[in-house]
Amino acid sequence: MEPKFKAPRGTFDVLPEQAAQRERLLRAAHEIFGRSGYRGIVTPSFEETALFERGVGKSTDIVRKEMFTFEDKGGRSLTLRPEGTAPICRAYVEHGMHTLPQPVKLAYSGPFFRHERPQAGRYRQFNQIGAEAIGSDSPLADVEVITLLSDLVEELGVPGVELKIGSLGSLEARTVYLDELKSHLRSRSEELSEDVRERIEINPLRAFDSDHPGTQAVMTDAPHLLDHLDAADTEHFAEVRELLTAASVEYVIDPTLVRGLDYYTRTIFSFVCDQLGAQSEIGGGGRYDGLISQLGGPHTPAVGWAAGVERLLLALDEEVEVPPGDLFIAVADPSQQAKAVALASELRHHGLVVELDLAGRSMKGQLKHADRLRSAFTLVFEEGGAARLRRREDGEENEVQPSDVLEMIRR
Ligand code: HAM
């Protein structure tokens, strides 16, 4: 029978058999964040729409087409967060974090929402993990955040990953280059996709990212921003590269690298994985030295990234087996249930994984269930009150006192 209700288009359920792998990923990420002093931050799932318009940029695909925007009962325009950096910068300013020792190093994970055309690796609700170092313009900060993601990829064992880096220069220095790029695009505008043509004036860099053949042809001889960086930006980018090498992080320089959000300045980077199809980026980010001041805070340089949890999981494509429990407690008759519950509760407090029958099974059914769960031990409260402990590994069975069970299992 067709189910009456299904998860909305572009969303998915994480079923128990998939949850273990996801938990392993998040644990690994938070451990890596913690080792470099990145502390957790949680912001709301929705924000004022204007935050994203201003932060992410009105000319981006995200703001133009992909936001889940709604009006609340008070007539305020709100948007389900499409990304985490603008909200975190909003929180940084709102809570006066510029008065803390800088940089403030933050890490996060949670759901994000974009109304995109769903396909493998692209969803309307997806999860990101990310890290932001706010309040430092040092190339050391760029390299520290990049290393976090490179360590995660390595620790998880994601195959076929390549790190691409580039630089967008500072906002002021970029203006001269953008004029040159715009005139290149204008001179061949009839070959461009409609989307790129419409955005020549407001977002010419996006042309590098187009999958439209005509646009791609125009871009093969477009001027590259990397050849137009000013002295300070060139120096910054060179230091980032040197320090990445010092940190043993491999990379390739991609002079055509651009990103889908407007706030980037100087370093940008992208981790791509050849195990994924069209949606090959598992994570990326860069510097955003102008964002905090744009949101009304003091001038504050910052750098960070986010990675797609589902893309990492797709690239890993592995099964993490749920480890078997320690003990299953079976009872011969219902009068022993209270005893079983009390023992289960005590042993769980000691950290053992303990299960009981919750479905009114016969003794035979309970033992079969214990088998399915692969519990290392089964304790049977027999008729008359005796208790027998059976070890799954070799079938050894002993009559025991319930108070000795913890000791025996630990042994
Ligand atoms: P982003 O490139 O838009 O950057 O997204 C980061 C990652 O999220 C992508 O590399 C991808 O793995 C994943 N992702 C994005 N959209 C989807 C989707 N529809 N379905 C599944 N996964 C998706 C940002 O969001 C920036 N806030 C990153 C950043 C942090 N920059 C500086 N700090």
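Here are a few notes on this protein and its ligand.

1. First, a caveat: the model is predicted, with local features needing pLDDT of at least 70 and side-chain atom pairs counting only at pLDDT 80 or more, while totals for chains, interfaces and linings use all residues. Residues are numbered from 1 along each chain as its sequence is written, and side-chain values use heavy atoms, leaving out hydrogens and water.

2. Buried residues (under 20% relative accessible area, 1.4 Å probe, protein chains only) make up 47% of the 411 residues.

3. Now the ligand: 27 residues surround it, and the closest are Glu-83, Glu-116, Arg-259, Tyr-264 and Glu-281 (a residue counts if one of its heavy atoms lies within 4 Å).

4. Look at the polar contacts (pairs of N or O atoms within 3.5 Å). The side chain of Arg-259 puts an N or O atom 2.6 Å from a ligand oxygen. Backbone N or O atoms also take part: that of Ile-282 lies 3.0 Å from an oxygen atom of the ligand, and that of Gly-308 lies 3.1 Å from one. Taken alone the ligand exposes 660 Å², and the protein buries 96% of that (Shrake-Rupley method, 1.4 Å probe).

Terms used: A polar contact is a pair of N or O atoms within 3.5 Å; within protein, one must be able to donate a hydrogen and the other to accept it, and residues adjacent in sequence count only if both atoms are side-chain atoms. Buried means under 20% relative accessible area, exposed over 50%, partly exposed in between (1.4 Å probe, protein chains only).
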